[in-house]
Amino acid sequence: MSDQNLAIIVLAAGQGTRMKSATPKLLHPLAGSPVVGHVLRTARALDAAHVLAVVRHERDRVAETIEAELPGTTIVDQDEIPGTGRAVEQAVAALPADFAGEVLVLNGDVPLLDADTLAAFLAQHRDTGSAASVLSAIYDDPHGYGRIVRGPAGGFDRIVEQKDASEVERAIPEINAGIYAFGAAALRDQLANLTTENAQGEKYLTDVIQLLREAGSEVEAVPVAEPWLVAGINDRAQLSETAARLNALIVRGWQLNGVTIEDPATTWIDLAVTIEPDTTIRPGTQLKGATTIATGAIVGPDTTLVDCEIGAGAHVKRTDGTLAVIGAGAEVGPFAYLRPGTVLGDGGKIGTFVETKNAEIGRGSKVPHLSYIGDTRIGEQSNVGAGSITANYDGVNKHRTEIGSHVRTGSHGVFVAPVTIGDGVYTGAGTVVRKDVPAGALAVNVAPQRNIEGWVTTHRAGTAAAQAAEAAGTAAATDAE
């Protein structure tokens, strides 16, 4: 059941100019999800009765992403009046008029702040009965942040911005994290008193805190356990730092869940990935999207899998795969390229320098090396010879190749689709198959070999090859004597 006394406002209207990107800051990817998606995931975990997101820059793109990440979110459009205070003011106006619970204000660019931390913050806010609570952090270098100034007894007194701080205040290590909890009634009362009478012409949410203190209301500052929890993303350097921090947390989580990760520093795992215990992830591996890996599988080294399914006991090394399914006990790589629609059956093999696309390769069947298999279905226990190609494109349309079970194809074969190869078929090396082959047949179309003796010494006289041939001929004549 949702918390009927909780509303969450996500501030997502900023332009993010320091990213220097055509993509809005909140839509940059982070562990497989947009930055704002992590904040919305936390909001979902808190199970608030109302979640509202305030948007403005690239409004439609941001709103579409928010609605996809957390369906049912109320989208609020910030008007021409700038400032976080104005954003919250408009969001509160979109709440039911009789809402009298708590309002939690989150920043859309603070993705590492987890639900447990916020739940504890909210619980403390409720327990103290404060009109507002401010989440804070202790920074080694607080430069640029608003400082939390406390009174002689240690209670919250005020927030002072860097530009307005005295030398003593600038030495304060506790900063305002920009995350707030308010009682709805107190927030409504003071939002009505906000003005734009300042150097920037903005309505500041921090002014609400000051107004509440001037009215004699209780305000509390609550520091987080780790400062990185409230780190925001303003540029690509901070995005990279946040990605590394989040990835380290994800990797450690899987290690504690029974997964062997040999080199955490070179292993990247998206949040939506699932890995069963007793799996080994080797160095240089990236697991992206909704990839799943079953018990006993070995993945890597130097492997990237996007939305792939890896079966129990499978071994995938030095492989690039997208939307592929690998069966239990199967082997893939090294240097395999699995394109969408690849399905490898249990115990099968896709080997060295093999590319597959829309290819269903049955149980125990193998494509060991140097081949392209596209738009193809292969039955069980078949073996495709080295250097084989299913020629699926005629320049206009794609066509399918059907290869049966227990088939043995010779090296360097070409199958010109559409073509069907029956069960138990053999094909000769170098065969170009242009028509169907019935079950149990041998398909060959290679012309008889013809040797033209003396051709090299006649047509390539003086070359190293000719000299070697002549020497071989002299040696053969001597042996014959």
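Analyst: Two strands pair if DSSP finds at least two bridges between them, and strands (E, at least two residues) are DSSP runs, as are helices (H or I, at least four), numbered from the N terminus. The model is predicted, so local features need pLDDT of at least 70 and side-chain atom pairs count only at pLDDT 80 or more, while totals for chains, interfaces and linings use all residues. Residues are numbered from 1 along each chain as its sequence is written, and side-chain values use heavy atoms, with hydrogens and water left out.

In the sheet, 3 strands are arranged in the order β31-β34-β36, forming an open sheet with parallel pairing. Because β31 (408-409) and β36 (442-443) stand at the edges with a single partner strand each, one side of each has no neighbour in the sheet. The parallel pairing of β31 with β34 (residues 426-427) runs over 2 bridges, and Arg408 is found opposite Tyr426 in β34.

The Asn107 side chain reaches the backbone oxygen of Gly178 at 3.1 Å. When neighbours within four places in sequence are left aside, Asn107 is in contact (heavy atoms within 4.5 Å) with Leu11, Val39, Ala177, Gly178 and Ile179.

How values were computed:
A polar contact is a pair of N or O atoms within 3.5 Å; within protein, one must be able to donate a hydrogen and the other to accept it, and residues adjacent in sequence count only if both atoms are side-chain atoms.
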